[in-house]
Amino acid sequence: MATLNDADVHTFGPELPAMFDGVKLAAVATILYVIVRCLNLKSPTAPPQVSYQDTPLSHYLLKACPMLTKEYIPPLLWGKSGHLQTALYGKMGRVNTPTPCGVRKFLPMQDGATASFDLFEALGEHSTGDDVTMVICPGIGNHSETNYIRTFVDHSQRQGYRCAVLNHLGALPNMELTSPRMFTYGCTWEFGAMVNHIKRAFPDTLLSVVGFSLGGNIVCKFLGENRSNQDRVLCCVSVCQGYSALRAQETFFQWDQCRRLYNFVLADNMKKLILSHRSSLLGLNSSNISDADLSRLYSATSLMQIDDSIMRKFHGYESLKEYYEKESCVHCIHKVTVPLLLVNSSDDPLIHQSLLSIPRTLSEKMPNVIFALTHHGGHLGFFEGDVLFPQPLTWIDKVIIEYADAICHWEKNRPDCQSTGVTLSG
């Protein structure tokens, strides 16, 4: 019978712990590699890429707006990930959100709809001494109570701006629709009604126009579709919009940057919002929405399916292609003649890189346009901070005010013959 010697027992003893230590090191190294890649920690910080024509206004703005030319520094541990920036914006909006005090206004529309906006008075005098109103159009399904809007409004008030914030039709909780229609990708009716009300209520005020994401498309389309809409407008800032829904729809089905997943999440949120108004959309007269349309809505897994079954029918478009073509600002943004700042982020998971050729080309052809492309920031994130915790105010909050202030001073100090084109009619 074979016996086991002591020497045989200890043959693999020293090697086994070494082997396990190697596995542990390999596992740790793999985890660290994944963290570094996912958090994009090796990505360097950099100033925005700024495209513009060589004009006196552009030179002035780049000097008066140093944030457009210096490094944007996101929080070290997670701020270089466009996904985390976007997720934090989507979940929290902002940190330590203030609660500005405003008055809600209601505007009857010709089709029976009731538009609403919130009006916030300035908390101090503007640096120019002028009366300036910031007219703001939020992103998809957002309104004046959304955290990132509240933060921006509070910051604007403290810098001497009156603020008017559009509440997208159907977006406010506990406010019923009075017509079978909700907000769409490019309908400017409610925003136009708000702007006209501000012009009538404050005949001496000048306007600074701001749009976030979908709101960026709406404000640029509003200014470009009728020249009179630019009366008394000092400037416009568009943040993180996609410019062409027709070109963007193809990219939303791609898995690059997890865009297909974002498409599903956005569609699910939009579906819940529409279904919350089911009785109004079906019960009111002249509704273009049927039970069959709502049945298709239940099974929709993308924004495009929702747009085709529901959204395009609010305005009677015959096809999804027609809806996207008519509601995108890309066809009229070149008619905007007031100073226009277009801001996007390279790591925005919702906006495909191919869409950024639109603002870049526009800034190279139009003397009033500046296009700023940050390296980090995600979709409407742009958080700043040292290592882990973000600051209450974001980079984009500060940039918008810095740009608007610069334009206000430019208009006030320049001779009338050299004005950028602000007119006081309307």
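What percentage of the 426 residues in the chain do buried residues make up? Buried residues account for 54% of the chain, where buried means under 20% relative accessible area, exposed over 50% and partly exposed in between (1.4 Å probe, protein chains only). The model is predicted: local features need pLDDT of at least 70, side-chain atom pairs count only at pLDDT 80 or more, and totals for chains, interfaces and linings use all residues. Residues are numbered from 1 along each chain as its sequence is written, and side-chain values use heavy atoms, with hydrogens and water left out.

The chain holds 15 helices and nine strands. Helices (H or I, at least four residues) and strands (E, at least two) are DSSP runs, numbered from the N terminus. Contact means heavy atoms within 4.5 Å. Among contacts between residues at least 6 apart in sequence, 78% join residues at least 24 apart.

Helix packing was examined next. Two packed helices are described by the angle between their axes and the distance between the axes. Axes are lines fitted to C-alpha atoms, for helices over the stretch in contact, and angles run from 0 to 180 degrees between N-to-C directions. Helix H3 (residues 56-64) and helix H15 (residues 395-413) have axes that come within 10 Å and cross at roughly 130°. That angle makes H3 oblique to H15; angles under 35 degrees count as roughly parallel, over 145 as roughly antiparallel, 65 to 115 as roughly perpendicular and the rest as oblique. The crossing of H3 and H15 is right-handed. A crossing is left-handed if the near helix is turned anticlockwise from the far one by less than a right angle, and right-handed if clockwise. On the H3 side, the contact involves Pro56, Leu57, Tyr60, Leu61 and Ala64. These meet Glu402, Tyr403, Ala406, Ile407, His409 and Trp410 in H15. By class, this contact has nine nonpolar, one polar and one charged residues. Ala, Val, Leu, Ile, Met, Phe, Trp, Tyr, Cys and Pro count as nonpolar, Asp, Glu, Lys and Arg as charged, and the others, Gly among them, as polar.

H15 also packs with helix H5 (residues 147-158). The angle is about 35°, and the axes are 10 Å apart. This crossing of H5 and H15 is right-handed. From H5, Thr151, Phe152, His155 and Ser156 meet Asp397, Lys398, Ile400 and Ile401 of H15. The contact of H5 with H15 comprises three nonpolar, three polar and two charged residues.

Helix H9 (residues 259-275) and helix H11 (residues 291-298) pack at about 150°, with axes 10 Å apart. H9 and H11 are therefore roughly antiparallel to each other. Their crossing is left-handed. Lys271, Ile274 and Leu275 of H9 make the contact with Leu294, Leu297 and Tyr298 of H11. The contact of H9 with H11 divides into five nonpolar, no polar and one charged residues.

A pair of aromatic rings is described by the distance of the centres and the angle of the planes. A search of the whole structure finds 11 aromatic pairs. Rings of Phe, Tyr and Trp (its six-membered ring) pair if their centres lie within 6.5 Å; planes under 30 degrees apart count as stacked, over 60 as edge-to-face and the rest as tilted. Tyr72 and Phe382 form a tilted pair, 6.4 Å centre to centre with 55° between the planes. Tyr72 lies in the loop between H3 and helix H4 (82-92), and Phe382 in the loop between E9 and H15, so the pair ties together parts that are 310 residues apart in sequence. Both Tyr72 and Phe382 are buried. The ring centres of Phe191 and Phe222 are 5.3 Å apart and the planes stand at 85°, so this pair is edge-to-face. Phe191 lies in helix H6 (residues 189-201) and Phe222 in helix H7 (residues 214-225), so the pair ties together parts that are 31 residues apart in sequence. Phe191 is buried at 1% relative accessibility, and Phe222 is buried at 4%. Tyr89, Tyr148, Phe152 and Phe212 form one aromatic cluster.

Backbone geometry gave two further sites. Most residues other than glycine have a negative phi, and most peptide bonds are trans. Cys240 has a positive phi, near 60°. Cys240 sits in the loop between strand E7 (233-239) and helix H8 (245-251) and is buried, with a relative accessible area of 1%. Leu380 also has a positive phi near 60°. Leu380 lies in the loop between strand E9 (369-374) and H15 and is buried at 2%.
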